[in-house]
Amino acid sequence: MLLELTISDFAIIERLNLRFCDGFNVLTGETGAGKSIIIDALGTLRGDRTDPSFVRSGCERARVEGVFSINDRPDLPPLLDEYGLRDDDEQVILSREIIRESGRSVARVNGRAVSSAVLRDIGSRLVDIHGQHEGLSLFNSRTHGDMLDRFGGLTPLREQVAALVAALRHVRNDLETLRSAAARRAERIQELTFLLEDVRAARLRPGEEDDLLRERALLQNGARITELVATAYALLYTGDESGRRAARSAVELLGAISDALAELARLDPSLQPAAEQAADLLYNVEDLATRVRAYRDAMEFDPARLDAIEDRLTLIRDMQRKYRGSIDQILERAASAEAEIERLTRSAEHLADLEAEEHRLLEDIGRLAGELSRRRREAGDRLAHAVEQAARDLALPHVRFAVSLEHTDDPDGVPLVEDGVERRLAFDRTGIDTIEFLLSPNPGEPLKPLARIASGGESARLLLALKSILSRVDDIPTLVFDEIDVGVGGRAGQVVGEKLWSISDRHQVVCITHLPQVAAFADAHYVITKVFGDGRTRTVVERLDDAQRAREIAAMLDGTPVSEHSLRSAIDMLERARAYKQRIERASSPEPSRVGAESAQ
C-alpha cells in the first residue's frame, strides 16, 4: 500500500507530505483547492505522461515521491530483482522529477534512475486510478480474462492449459526444425559422410603430431647424435673418443679408485664411507655406460623413414587447414558427424513420433480449454448478475452487463466439438477464448465494450460497481477514486460510501469526494484547502480528528458557517456509518474491528 506521499513544487502545491492509512482514505475540500492535483501527482508515479506545466510557477522542477509497502506482494520482489532495483522485501520508493526548461522527467526506483517504461511496469502494479477521465485496468480488455478466471476460481485450470500449450510449442519447434531440414537431409548426410570417411581414411590419433615432430627432429640430426653417442660411450668405457687405448676410461679410473679406497678402509675404518661412495659411483657409471651402449646399438637413421614422416605431417597439415582445427577438434567433429548421420537417418521415424505427440497435445488442449471455456461462461453469468445488482444499488437500475467469449477459427488450432460440429480454434496459453466485458448503461442501448462507454459520473459509478465485485480478485493494492460520485444523490451516496469502504477490506482506497455520505465512511479523513500569502497560492492538507470530521461533513452538507442543525446531522451520519462498519466487521470476523483500531489511534 501507499505509506507516504511527498509532493514538492507541483502545480499549486509548494510542499506536501501525506501519510495514508491502510483502509479507506478520503480527501475533501472546496473545488479548486488542489484535490485532483494530488491525483495527478500520484499518476506520475504510476508512469503517466508528464508536462512542464506541472512545475510550480517560479520553480525549476517539481518532485513527487511515494513510499509503498510491498511485504504482502510476493510478485514484486522478483520484478524488482529483474530490473536490479530491490533494496528489501518490505518497501519500494518511487520518485519522479519534472524539469521545466527541458520538459523532461527523471524517474527513480529506490534511488536508481529508470526509464518511464520501467516505472510504468512497477507503478501500474501498485496504484490504479479510477476517475471520470482516467484510463484504468478495467478498460483494458487484456485484463478481463485474468479477472474472470480469478473471480471464477479458474486459475489452476488455466495453468494446466498453459503448461500443455508450452509443451506443444516445444514439439512444434522441433517439428519445424525437422521439416525445414528434410529438403537438404540427403545433401547433409552426404556432406557428413564425406567428412567422416575423410577422417577415418587419415587414421588420425590424438598426440600424433607431437610424436612425429619429435621423431623428425631426431632423424634430421642423426649424424650429430651418432657422433655424440660414440664419444660419450668411448669416454665412459674405452678411455678415448677415437677408439685408441691411449687413456684409461671413466670406468677403469673409478674401478682403480674404488679398489684403492676399499683397501684403505680395511687399514683405516674411518675411510669406509669414502670407499662406499667410490663403489656407488663406479656402479652408477657402469650403468650409465650400459644405457648409452644400448641407445647406440638401437639407433637406426633410415632416410626413408624421414620421408614418411614428412608425408604424414603434410597430410595432417592439410586436414587441419581443411577442417580448421587441431587433430582433437577434427576427431570431435567426426564423432559429432557420426551422431548427426544417425539422427538424420532416423529423422523420418522421429518426425512421425513428434507428429503423433502434436496430435495428442492438441486433443488434450482442446479438451481442457473447452472445459475452461464452459466454466468461464458460467462464471461470466454469475459476474454479470453481481455487477448488475451492484449497479442497481448505485442508482443505475437499467445497466446491463455481460462477459463476451469469442472463438476464432484456425486450421492449425485445437479441435472442439460445438453443436455436433468439430471446429479448429485459435488458442494461446490462456485457452481458446477472447474475453471482453460488455456494458449497456441505458435502456435500448446495445451492449458495448467497456472501453467505449460514455465518460462522466455514470461511467465512474459503473466502474465502482465492477470494482466492488472484482476487488477480491484484483491484485493492485492501492485504488484511487477521483470524484466518482459526480451526479450521485444522497441515497445512492450512502451506497457509494458502503461499497468504497467494503473494497478497502482488501485494498487501500484513496478517494476524492464531494459527498458527505461517502466521507462519513472514511477510516482517515483529510481536508484540502488553499492558502494565500506573499502573493502566492499554495495547497495545505490536514488530517482531521473526530470533532474536525463532524464540522467538515456539516460544511459539506449545508455550507458555512456551520449551523447546529447541520452539525447534528453530520454527527448522526458519522454514527450511522460507524454502526454499519462495526456490524459488517462483526459479521465477517471475530477479530477486533478496524474501526475500533482507527478510533483508538
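**A covered strand and its surroundings**

Guide: Strand 3 (residues 24-29) is mostly covered, with 6 of its 6 residues buried. Buried here means under 20% relative accessible area, exposed means over 50%, and partly exposed lies in between (1.4 Å probe, protein chains only). Helices (H or I, at least four residues) and strands (E, at least two) are DSSP runs, numbered from the N terminus. The model is predicted, so local features need pLDDT of at least 70 and side-chain atom pairs count only at pLDDT 80 or more, while totals for chains, interfaces and linings use all residues. Residues are numbered from 1 along each chain as its sequence is written, and side-chain values use heavy atoms, with hydrogens and water left out.

The cover of strand 3 extends to both of its faces. F24, V26 and T28 are buried on one side, and N25, L27 and G29 are buried on the other.

Next come the partners of the strand. Two strands pair if DSSP finds at least two bridges between them. Strand 3 pairs in the parallel sense with strand 15 (residues 508-512) over 4 bridges, and L27 has I512 of strand 15 as its bridge partner. Strand 3 also pairs in the parallel sense with strand 16, over 5 bridges; there G29 stands opposite I528.

Strand 16 leads on to strand 17 (residues 536-543), which is antiparallel to strand 16 and joined to it by 8 bridges. In that pairing T529 is opposite V540 of strand 17. Strands 16 and 17 make a hairpin with 2 residues between them, and in the turn D534 has a positive phi of about 55 degrees.

Contact itself means heavy atoms within 4.5 Å. Leaving aside residues up to four places away in sequence, F24 touches G497, L500, W501, S504, V509, C511, V518, F521, A522, D523 and A524. In soluble globular proteins, nonpolar side chains tend to be buried together.

C511 counts as buried because its relative accessibility is 1%. Another cysteine, C21, is buried as well, with a relative accessible area of 8%. The structure holds 0 disulfides, a disulfide being a pair of cysteine sulfur atoms within 2.5 Å.

The other contact is D523, which forms a salt bridge with K581, their closest N and O atoms being 3.1 Å apart. D523 is in the loop between helix 16 (516-519) and strand 16 (524-533), and K581 is in helix 18 (residues 564-588), so the pair ties together parts that are 58 residues apart in sequence. Both D523 and K581 are buried. A salt bridge is a side-chain nitrogen of Lys or Arg within 4 Å of a carboxyl oxygen of Asp or Glu, and by this rule the count comes to 29.

E357 and R360 meet in one at 2.7 Å, N to O. Being 3 residues apart in helix 13 (residues 347-393), E357 and R360 are separated by about one helical turn. E357 is partly exposed at 29% relative accessibility, and R360 is partly exposed with a relative accessible area of 39%. The side chains of E65 and R63 also meet in a salt bridge (2.7 Å, N to O). E65 counts as partly exposed at 24% relative accessibility, as does R63 at 26%. Elsewhere, D146, D149, R158, R376 and D433 are linked in a network of salt bridges.

R56 gives a contrasting case, being buried yet without a salt bridge. The nearest side chain of opposite charge is E14, 4.4 Å away; Lys and Arg count as positive and Asp and Glu as negative, with His and the chain ends not counted. R56 lies in the loop between helix 1 (35-45) and strand 4 (61-69).
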